[in-house]
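Biologist: I would like to learn how to read the packing inside a protein. Can we go feature by feature?

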Amino acid sequence: MFVTVWRFTTDQPDVFEHHYGPNGTWAQLFRRSGDYLRTDLLKGTDAYITLDWWTSLDAYNTFREQHAEDYAKVDVACEAVTTFEEKLGEFESR
């Protein structure tokens, strides 16, 4: 399995969770791929962590290539609800 991990802060937690949660805007976009597994949303005291699970790095990259335009649109729309965004990494299970 493969996972992308992001850290965010927001001053609009309800709206953020709507977009970034397991059934949110991002997850709905990712579900266009049969290789998308799930999204986990972790809430800390001062930040959120998202984990987007895929069958493989290749599957994730293929999705990004095939849906680049829609990915960019969702990214722009969702930027309005974040105050900070940082990609923590991409990881594969061994």
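This is a predicted model: local features need pLDDT of at least 70, side-chain atom pairs count only at pLDDT 80 or more; totals for chains, interfaces and linings use all residues.

Biologist: Where in the chain do F8 and Y20 sit?

Modeller: F8 belongs to strand 1, residues 2-9, and Y20 to helix 1, residues 13-20. The two are 12 residues apart, and their pair links distant parts of the chain.

Biologist: Are F8 and Y20 buried or exposed?

Modeller: Both F8 and Y20 are buried.

Biologist: What should I know about a nonpolar core?

Modeller: In soluble globular proteins, nonpolar side chains tend to be buried together. Here, the largest nonpolar core has 18 residues. Y20, W26, F30, W54 and Y71 have the most contacts inside it.

Biologist: Which helix gives the most to this core?

Modeller: Helix 2 does, with four residues. Strand 1 and helix 4 are among the elements that each supply at least two.

Biologist: What lies over the face of Y71?

Modeller: R64 does, at 3.8 Å from the ring centre. Beyond its near sequence neighbours, within four places, Y71 also contacts W26, L29 and F30, among others.

Biologist: Why does T50 count as buried?

Modeller: Buried means under 20% relative accessible area. T50 has 4% relative accessibility, so T50 counts as buried. T50 is found in strand 3.

How values were computed: Residues are numbered from 1 along each chain as its sequence is written. Side-chain values use heavy atoms; hydrogens and water are left out. Buried means under 20% relative accessible area, exposed over 50%, partly exposed in between (1.4 Å probe, protein chains only). A charge sits over a ring if NZ of Lys or CZ of Arg is within 6 Å of the ring centre and within 35 degrees of the ring normal. A nonpolar core is a set of buried Ala, Val, Leu, Ile, Met, Phe, Trp, Tyr and Cys residues joined through side-chain atoms within 4.5 Å. Contact means heavy atoms within 4.5 Å.
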